[in-house]
Structure formats: structure tokens, C-alpha cells
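Here's a quick walk through this model, with the cut-offs spelled out as they come up. Have the viewer open alongside.

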Amino acid sequence: MKGKMKVLLPLLLLLVLPLMVAMKPAQPGGEAAGGLLSAIVISAPGADPVRVAAASEEYLVLEHHLGLLILDPQVLTVVDEIPAEDIGLKTQGDQSFSYSLDGDRLLLERATKEGGAPYSYDLAQGKLTEGVGEAPQGVESPRALTAEELKGEFGAAEGQGLQGKDWTFALIPDLNEVGQSQLRLKNAQGELTTTLADLAREREDLPLSLNGKALDAKGFSSGGKLHLPLRAIMEGAGYEVEWQAEDGSIVLKKASDELLLKRGDGQYSLTRDGKTLAFDYFLREDRTYIGQKFFGALDLDVAASGNDQRMEVKLQAK
């Protein structure tokens with residue numbers, strides 16, 4: 001009997017393992033899902049739709065029951081994210097937050113006192129702390145579009161629209177499939193239309209221009225986050241770029257301006273005007289790609305135009 005079992009077990013494994021592999025659910029587009037954006041895109045139909053929870057000239061905060069996405073309103077890419085479990089966000093109902101933006105500070109206050117602790121999130125450093133301190137006073141927010149204005153601008157009967165100083169944005173939710181919720185943008189660069197699903201997929205070889213001049217180097221996005229080639233852009237902006245082999249730090253020099261980027265665990269940090277900022281980076285084919293918010297810190301505006309098939313990123317000195 002034992003001899004038969006020794007023969008049967010390998011045969012069973014040979015039959016069962018291929019079936020187990022075949023039964024493994026495929027990810028959308030054949031790509032591995034990762035990060036909060038991808039989790040939202042593949043969330044079950046009928047879950048809370050995504051909505052604009054707060055906005056400023058620099059940030060759009062989208063809320064879903066799985067967490068918060070913070071977008072750049074000029075590019076419609078993810079600059080940060082906060083999973084629901086980090087803040088105890090459970091629904092968009094009785095335990096939801098009210099949100100407000102004060103510069104690089106996102107304030108999260110419970111809608112009910114018994115709901116739990118309020119939080120403050122530093123968007124520059126990616127740091128979450130309990131307590132919000134004083135709420136912002138007199139901070140100007142983008143104007144909400146009326147239903148008539150939303151329909152006139154974007155031809156949408158339902159959704160949320162916002163009017164910034166130099167951009168107009170609309171979120172048109174899909175109640176049946178969150179990933180098909182549309183993001184629409186109009187700015188001086190043109191128009192950009194995408195969906196959450198398109199935002200989540202990997203994008204390679206994004207065309208770049210600096211002050212109206214096309215660059216040979218390209219950008220890419222991963223998990224909805226945009227990464228741009230550091231050397232190509234900084235040299236185009238008139239900086240000398242020196243890489244320090246001993247610790248991987250990078251020195252940027254331009255006239256009397258000298259900046260030091262220190263490399264850490266998956267991030268570079270920059271201390272400027274007494275404030276330390278952290279930026280995600282990738283090393284690809286011996287090139288350093290850094291998150292888009294780095295360039296905003298160096299007074300380079302980042303904007304985009306196009307659609308989900310072809311997006312062009314444009315940088316302009318302020």
C-alpha cells in the first residue's frame with residue numbers, strides 16, 4: 001500500500017498543480033497589482049464610489065473606503081496615498097472624516113467625536129501624526145462647479161467639478177466599476193482625460209519637454225506615480241549634476257545655489273530653507289528617476305496634456 005501511495009502522490013501533484021496555477025485570478029491588463037490605486041481599481045462592484053474629499057491649488061484628495069489618493073491637479077498623477085487601515089477609515093458614512101488642506105498639511109477630523117482620533121498628514125515628508133492642531137484659517141480653495149457648469153465644461157450630468165486658478169477638473173464616478181471613473185482636466189497645456197484604471201497601469205516612454213523644448217530622455221509612471229529623469233531635466237535647467245559614488249548622494253550646482261540630495265531607503269531627501277523633503281526614486285539603466293514633486297520644490301511647474309493612450313509631460317520654470 002505504501003508503495004502505491006508513493007507512486008500516486010507525485011501523479012496527483014502533477015495533475016493538481018497545473019489546475020491551481022490556471023485557477024489563479026489574473027490581474028487587469030496582465031499586470032501585477034500593487035499599491036492603493038490598484039486595490040481601488042479592482043475593488044468589488046457596489047463599493048463606495050471614489051469622491052473628491054478636499055482640494056487646493058496643489059493637491060486633490062480622493063476618498064474611497066480603501067483609503068485616500070492625493071493627486072497633482074496639473075498632471076493627474078498620484079503624489080501620495082494613505083491606506084484606510086492607517087487612519088481607521090471604515091466607510092464614507094458615520095465614521096468618515098472631514099478633510100482640509102493647509103499648504104502641505106492634510107488635516108483629517110472625525111465626523112463624530114466617538115469615531116476616533118483626528119490626524120495630520122505632512123504631504124512633503126509623508127508623515128502621519130495624531131492630532132491636527134489649528135485648522136487653516138482663510139485658505140482659498142478651488143471653486144466647486146455647479147451642475148450646469150459641469151455639464152457645459154465636460155458634458156457630464158453627474159460628478160464633481162472644481163475651478164482652480166489655471167485649471168478645471170472633473171471627477172465623473174462610475175457607480176458600477178470604480179476603475180472606470182473618469183478624471184478630466186483642462187489647463188493651459190490642453191486637455192487630459194483618463195480613468196483610474198488607466199492611471200494605475202504602467203506607462204513607459206512618456207514624452208517630456210522643458211520650457212517648450214523637447215528632451216531626449218523620457219519619463220514613466222508606476223502605480224499612478226510619475227517619475228522623471230533627474231540629470232536630463234536638471235542639466236536642461238542649467239544645473240551641474242554630480243553623483244557621489246561613496247554614498248550615492250547627488251549634488252546640484254547652479255551659480256551660488258548648491259543642493260545636496262541624500263540617498264536613503266527608497267528615497268532621496270533634500271533640506272532647503274530649514275525644511276527636509278523626501279522624494280521617491282528609481283534607478284533604471286544607470287539613470288536616476290525621481291518623483292515629480294521634487295521638481296515643484298525647485299520651482300519647476302509640472303503639467304500634462306493628452307489622453308490615456310498618449311500623455312505628454314511639460315515642465316516650465318516659474
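## Salt bridges

Glu242 and Lys253 bring their side chains together in a salt bridge, at 3.5 Å from N to O. Glu242 sits in strand β19 (residues 240–243) and Lys253 in strand β20 (residues 250–254), so this pair ties together parts that are 11 residues apart in sequence. Glu242 is partly exposed at 30% relative accessibility, and Lys253 is partly exposed too, at 28%. For those labels, buried means under 20% relative accessible area, exposed means over 50%, and partly exposed is in between (1.4 Å probe, protein chains only). A salt bridge here is a side-chain nitrogen of Lys or Arg within 4 Å of a carboxyl oxygen of Asp or Glu, and by that rule the count is 11.

Another of these pairs is Glu204 with Arg284, whose closest N and O atoms are 2.8 Å apart. Glu204 belongs to strand β14 (residues 203–206) and Arg284 to strand β23 (residues 275–284), so the link ties together parts that are 80 residues apart in sequence. Glu204 is partly exposed at 42% relative accessibility, and Arg284 is partly exposed at 27%. Then there's Arg143 with Glu149, which meet at 3.0 Å, N to O. Arg143 has a relative accessible area of 42%, while Glu149 comes in at 31%.

## What you're looking at

This is a predicted model: local features need pLDDT of at least 70, side-chain atom pairs count only at pLDDT 80 or more, and totals for chains, interfaces and linings use all residues. Residues are numbered from 1 along each chain as its sequence is written, and side-chain values use heavy atoms, with hydrogens and water left out.

The protein chain has 7 helices and 26 strands, taken as DSSP runs numbered from the N terminus (helices are H or I with at least four residues, strands are E with at least two). Of its 318 residues, 42% are buried. The accessible surface is about 16,900 Å², with 51% of that belonging to carbon and sulfur atoms; areas come from the Shrake-Rupley method with a 1.4 Å probe, and for residues only the protein chains shown count as cover. Taking contacts (heavy atoms within 4.5 Å) between residues at least 6 apart in sequence, 41% join residues at least 24 apart.

## A buried strand

Is strand β18 (residues 225–229) enclosed or open? In β18, 5 of the 5 residues are buried, so the strand is largely enclosed by the rest of the structure.

Two strands count as paired if DSSP finds at least two bridges between them. β18 pairs with strand β17 (residues 219–222) in the antiparallel sense over 3 bridges, with Ser222 opposite Lys225. The β17–β18 hairpin has 2 residues between the strands, and Gly223 takes a positive phi near 60° there. β18 is also joined by 3 antiparallel bridges to strand β24 (residues 287–291), where Ile290 stands opposite Leu228.

## An open sheet

Four strands form an open sheet in the order β1-β2-β3-β4, with antiparallel pairing. β1 (51–55) and β4 (78–83) stand at the edges with a single partner strand each, so one side of each has no neighbour in the sheet. The twist averages 25° from one strand to the next, using axes fitted as lines to C-alpha atoms (for helices, over the stretch in contact) and angles from 0 to 180 degrees between N-to-C directions. β1 and strand β2 (residues 60–64) run antiparallel and are joined by 4 bridges, and Val52 stands opposite Leu62 in β2.
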